[in-house]
Amino acid sequence: MSLRARRLPLALVALIALVVPVIGLSAAEGVGTGVPVIVTPVDGETYHVEEVPDLHVDFADAPYGDYRVELTDSVDQVLLGVDVEHVEAVDPEVFYAVPRLGLDAYTVTVYGAAEAVLASSTFGTFDLGEPPARCTVDLPAKVTAVARYTAVYPTFDGCGAVTASWLVDGPGSFAARTIGVSGGSSLGPWRFRDTESPGVFRARPQLGAGGSLGGDSTVVKFGSRISLAAGTRSGTRVPLTGTASRYSPAAHAFRRWADRPIAISYKDCAACPWKFLAMDRTDRYGGFTLTAISGKARYYRATVGETATAWGRTSQPVRR
């Protein structure tokens, strides 16, 4: 018995043609039923030209695929263009700094396949008088760590009744810390742990206060100590001795600072300027000794310089 091919009815062929593409959809093409959401700039909002928030588009509920985000002015000139790839296991949120704008009407547009418009937001700008108040954070210029935990207290300016937050990033691999204000009141300090790497720590604004947040930075290093004592004068000779130490994160305490250069300076009266006298270096116990030559009483002080991880320090003056 021979086998012969059967012809399928045309209606069934058409039905299969519709079903096969659906069955063949990849997971990347089929996930997500919503559209990208333009979070900022807000549609219909008007911003001061110096206070336009960053471009923020959320693709979490959109299908996987390639998208294009553009910022255009009133004559359709493209001022900013961002290509976004939304792939499996990634829910991208685009944050992009808006370029400096003038007085005009602007539009943010999100395009999908075949340049289909999926979302848009039109906003305007104005420049009347002083710009709106800006909520900013101020960190101390330098922080000296001398314990397992060192509290760093931020201050805030122009925050009024604002609720906003900042992430504080450091040079190490530790998770970012958060500082901020709630209703204009500080949420408290962040704490530097002595097991972290010292260096520059930056407060980066998070979304809040209408995008009008200012950041700041600080330098964190371990503390040091130095002492200076003057012995009994013998004719014109004045013996000077001292010790230097620095905070050791390994010991969680101060330890003598060996093999460090020490600068000795002097002045002839309390109101006189300091002058360089000599250099010395600490021994393996952090101590140093030298003799100053002077026929009259003087003030003396010792200074140990800073390093990449520790601040320098100057001793209290002594008079002989």
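A search of the whole structure finds nine aromatic pairs. Rings of Phe, Tyr and Trp (its six-membered ring) count as a pair if their centres lie within 6.5 Å; planes under 30 degrees apart are stacked, over 60 edge-to-face and the rest tilted. One of the pairs is formed by Y47 and F123, and it is edge-to-face, at 5.9 Å centre to centre and 75° between the planes. Y47 lies in strand β2 (residues 46-48) and F123 in strand β8 (residues 117-126), so the contact ties together parts that are 76 residues apart in sequence. Both Y47 and F123 are buried. F59 and Y67 have ring centres 5.1 Å apart and planes at 50°, so this pair is tilted. F59 is buried, with a relative accessible area of 0%. Y67 is buried too, with a relative accessible area of 8%. Buried means under 20% relative accessible area, exposed over 50%, and partly exposed in between (1.4 Å probe, protein chains only).

The model is predicted, so local features need pLDDT of at least 70 and side-chain atom pairs count only at pLDDT 80 or more, while totals for chains, interfaces and linings use all residues. Residues are numbered from 1 along each chain as its sequence is written, and side-chain values use heavy atoms, with hydrogens and water left out. Helices (H or I, at least four residues) and strands (E, at least two) are DSSP runs, numbered from the N terminus.

Ring pairs also build a cluster from W190, F192, F201, F222, Y247 and F254. The charged end of K221 sits over the ring of W311, 4.8 Å from its centre. A charge sits over a ring if NZ of Lys or CZ of Arg is within 6 Å of the ring centre and within 35 degrees of the ring normal.

W190 and F192 form the covered face of β16. R191 and R193 form the uncovered face. In a regular strand the side chains alternate between the two faces of the sheet. Strand β11 (residues 149-152) is joined to β16 by four bridges, and the two run antiparallel. Y149 stands opposite R193 in β16. Two strands pair if DSSP finds at least two bridges between them.

R193 also takes part in a salt bridge. Its side chain meets that of E196 at 3.8 Å, N to O. A salt bridge is a side-chain nitrogen of Lys or Arg within 4 Å of a carboxyl oxygen of Asp or Glu. R193 counts as partly exposed, at 29% relative accessibility. E196 counts as buried, at 6%. The side chain of E196 also meets that of R177 in a salt bridge (2.6 Å, N to O). R177 lies in strand β14 (residues 177-182) and E196 in the loop between β16 (190-193) and β17 (199-205), so the pair ties together parts that are 19 residues apart in sequence. R177 and E196 are buried.

The whole structure holds eight salt bridges. Some of them link R68, E70 and D83 in a network. R281 and D259 meet in another, at 3.3 Å, N to O. This pair links distant parts of the chain, 22 residues apart: R281 in strand β24 (residues 275-281) and D259 in the loop between β22 (253-256) and β23 (261-267). R281 is partly exposed, with a relative accessible area of 44%.

Five of the seven residues of β23 are buried, so this strand is largely enclosed by the rest of the structure. Six bridges join β23 to β24, and the two run antiparallel. S265 stands opposite F276 in β24. β23 also pairs with strand β26 (residues 299-304) in the antiparallel sense, over six bridges. There, Y299 is the bridge partner of K267.

An open sheet of three strands has the order β12-β9-β18, with mixed pairing. β12 (155-157) and β18 (213-214) stand at the edges, each with a single partner strand, so one side of each is left without a neighbour in the sheet. Strand β9 (residues 135-138) and β18 run parallel and are joined by two bridges. C135 stands opposite L213 in β18.
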